[in-house]
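Reader: Hi! Could you walk me through this structure? I'm new to this.
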Amino acid sequence: MGVLRHYRELLPITDKTPDVNLEEGMTPLIPLPRVSKRLGINLYGKFEGCNPSGSFKDRGMVLAVAKALEDGKRAVICASTGNTSASAAAYAASQGIPCFVLLPAGKVALGKLAQALMYGAKVIAVKGNFDRALELAREGAEKTGCAMVNSVNPYRLIGQRSGAWEICDVLGKAPDWHAIPVGNAGNISAYWAGYNEYKKLGKIDRLPRMMGFQADGAAPLVYNKPCPNPETVATAIRIGNPVSAHLARAAVSESGGEFNAVTDAQILEAQRVLAAEGGVFAEPASCAPLAGLMKLKTEGRLPEGITVTMILTGNGLKDPDTAMSQVGKPIEINDTLDDLMRVLGE
Ligand code: F0G
């Protein structure tokens, strides 16, 4: 059905808004019994990797592109650590408009780069980090009149609220904790706004604690200061100066939540646990929340029996290089039954 049709009444859609739709949204909220048992909680993963471009970005991009067209814009531009660019390029392709994406050179996962190029975007590799690419994209948008579709575009965050609505629609309530990775800090803010809207509408009666997780090498919200040289294996959240920092801080303090940092090693271990004990392959940034929950558990700070939803923001297939660096090689055999039995018998 797509986000615009499914949540039409809750979105700023007019008769003139084009019907943009890649069947985004309605992603599965996957119960994770084995991981839940390990942590002593009731854990669900909302697998945003099932969206058409493989990340949560599609929820907001569909609205941003629809409103850009409604406003008479004829091209879109964004800076990205990879997923925003893939999403923008996909929606621009579906509408037949040009898309310009600025990426930090050499720091974008292979799958995301392949996507943007395949969808036909003009891909520009900036010799600088994401924060600088974002400044440039904003200036470029101003000078050319292209629609800026980063999360500074308010429609992005409005569309992303749909993730919170879906969780409540499925659970019949809000979770106790909402665990989410934080990069440019838009998504945590969008979810908080979404939960609040549902509470106002009387669809839920209490709000979750918002638990934001950052990579230790790119954790400006945890350490309360911009990080000039962010570095992490979770390239999606390799961001030192989040544009929505103020909104994210408000979400965490209003909800009684927390920001926590996790190391790259903890993120990669969580990625393996999620795949090998949950059956879900999510990209490294998406695994920061599980890494954080595992850390809080060892610190004795994870309450028993609570319901936690974590947002698995992007598909693991987007970053095969990082995954392959963490796992063993296939077992090679000759094409004989003897060789096969030797392996199966082990
Ligand atoms: N997880 C993934 C997989 C992401 O791609 C991003 C952000 C985040 C988490 C963080 O979300 O920025 O709303 O706090 N990716 C952006 C991009 C920056 O360009 O694709 P946030």
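Author: Happy to; we'll talk about the ligand and its surroundings, then about some aromatic rings. Keep in mind that this is a predicted model.

Reader: Great! How many residues surround the ligand, and which are the closest?
Author: There are 21 residues around the ligand, and the closest are S80, T84, N184, A185 and T313.

Reader: What is that shell made of, in terms of nonpolar, polar and charged residues?
Author: The shell has 8 nonpolar, 11 polar and 2 charged residues.

Reader: What lies 2.7 Å from a polar backbone atom of N184?
Author: That is an oxygen atom of the ligand. A ligand oxygen atom is also 2.8 Å from a polar backbone atom of G183, and a backbone N or O atom of T81 lies 2.8 Å from an oxygen atom of the ligand.

Reader: Nice. How much of the ligand's accessible area does the protein cover?
Author: On its own the ligand has 470 Å² of accessible area, and the protein covers 98% of that. The space the ligand takes up is the largest cavity.

Reader: Which elements give two or more residues to the shell?
Author: Those are α4 (83-95) and α9 (186-200).

Reader: Switching topic: how many aromatic pairs are there?
Author: The count is 3. One of them is Y191 with Y195, a tilted pair with 6.3 Å centre to centre and 40 degrees between the planes.

Reader: Why are Y191 and Y195 separated by about one helical turn?
Author: Because they are 4 residues apart in helix α9.

Technical notes. Residues are numbered from 1 along each chain as its sequence is written. This is a predicted model: local features need pLDDT of at least 70, side-chain atom pairs count only at pLDDT 80 or more; totals for chains, interfaces and linings use all residues. Side-chain values use heavy atoms; hydrogens and water are left out. A residue is near a molecule or strand if one of its heavy atoms lies within 4 Å of it. A polar contact is a pair of N or O atoms within 3.5 Å; within protein, one must be able to donate a hydrogen and the other to accept it, and residues adjacent in sequence count only if both atoms are side-chain atoms. Accessible areas come from the Shrake-Rupley method with a 1.4 Å probe; for residues, only the protein chains shown count as cover. On a 1 Å grid over the protein atoms alone, a cavity is a set of points where a 1.4 Å probe fits but cannot get out, and a pocket is an open set with protein on both sides within 12 Å along at least five of seven lines; lining residues have an atom within 4 Å of a point. A molecule sits in a cavity or pocket if more than half of its atoms lie within 2 Å of its grid points. Ala, Val, Leu, Ile, Met, Phe, Trp, Tyr, Cys and Pro count as nonpolar, Asp, Glu, Lys and Arg as charged, and the others, Gly among them, as polar. Rings of Phe, Tyr and Trp (its six-membered ring) pair if their centres lie within 6.5 Å; planes under 30 degrees apart count as stacked, over 60 as edge-to-face and the rest as tilted.
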